[in-house]
Amino acid sequence: MNTETEEIDRLARAILAEAREESAQIRAQASEKAEAIKRRGEQEAASVRKSILERANQDADRLRSQAVATAQLQARSSQLGSREKLLERVFSEVRKRLDGVTKRPDYDEIAAQLLREALSELRADKAEIHADAATQKALMQRGLDTVTREFKGQYTFGAPLQEGTGVLVTASNGKVQYDNTLENRLNRLEGTLRSSVYKVLMGDKV
C-alpha cells in the first residue's frame, strides 16, 4: 500500500517538475519574443525617425530655395520696374521735343526723306500727302518737286495733320496709308532702342 502511494507521489512530483520546466521554457520564449519585438520596434522607430528628419531637411531646403528664388524674382521685378519707369520718362520727354526738329536748318531734307520713305512703302504713282504746317512748308519749298521727279507720280497735299510732325500719305482714295510722322517712327523704333538708351543712361558704352 505504501509502495503504491509513494509511486503516486513520485509521479505527481515528476509531472509538476515537467510542468514547471515547460512553464519556464514558455516564459523564456515569450521573453525572447518580447525582446525581439521590442528591438524590431526600436529599429522601426529609428528608421521612421530618420525618414521624418530627412524629409524635414528636404522640405526645409526646398523652402529656403523657394524663399531665395522669390526674393531674387522680387528684386529683379523691382529693378525692371524702375528701369521701365525711367525709360518711359525718357521717351515721353523725347516725344514732347519732336516738333523741335522742324526748326532745324536741314528740315526740308528731313521732310523730303519722310515723304520718300512713305511713297516707297505705298508704291503708288498717285497719293495724297497729309502733313503738319511746318512739314508742308518745308516740302513746298523744295522737297515735293524733288520727290515727284524721283517717283514720277502725281502727289498733292490733302488736309493737314491735326496731330504729329511729319507726313501721313494715303493712296487708292484713302484705302491704304502709311504714317511716317516722327511720333510713329519713334513708336516703331522704341522696342529696339530701349536697351541701347538704358545703357547710355547707366553710363555704359553702346
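Asn187 is partly exposed, because its relative accessible area is 42%, and partly exposed covers the range between buried (under 20% relative accessible area) and exposed (over 50%), with a 1.4 Å probe and protein chains only. The model is predicted, so local features need pLDDT of at least 70 and side-chain atom pairs count only at pLDDT 80 or more, while totals for chains, interfaces and linings use all residues. Residues are numbered from 1 along each chain as its sequence is written, and side-chain values use heavy atoms, with hydrogens and water left out.

Asn187 belongs to helix H4, residues 182–201; helices (H or I, at least four residues) and strands (E, at least two) are DSSP runs numbered from the N terminus. The side chains of Asn187 and Arg95 are joined by a polar contact of 2.9 Å, that is, a pair of N or O atoms within 3.5 Å, where within protein one must be able to donate a hydrogen and the other to accept it, and residues adjacent in sequence count only if both atoms are side-chain atoms. Between the C-alpha atoms of Asn187 and Phe91, which are 96 residues apart along the chain, the separation is 9.5 Å.

Strand E3 spans residues 166–171, and six of its six residues are buried. Gly166, Leu168 and Thr170 lie on one side, with Val167, Val169 and Ala171 on the other. Two strands pair if DSSP finds at least two bridges between them.

| Strands | Direction | Bridges |
|---|---|---|
| E1 (residues 126–131) and E3 | antiparallel | four bridges |
| E3 and E4 (residues 176–181) | antiparallel | six bridges |

Leu168 in E3 is the bridge partner of His130, and Ala171 stands opposite Val176 in E4. E3 and E4 form a hairpin with four residues between them.
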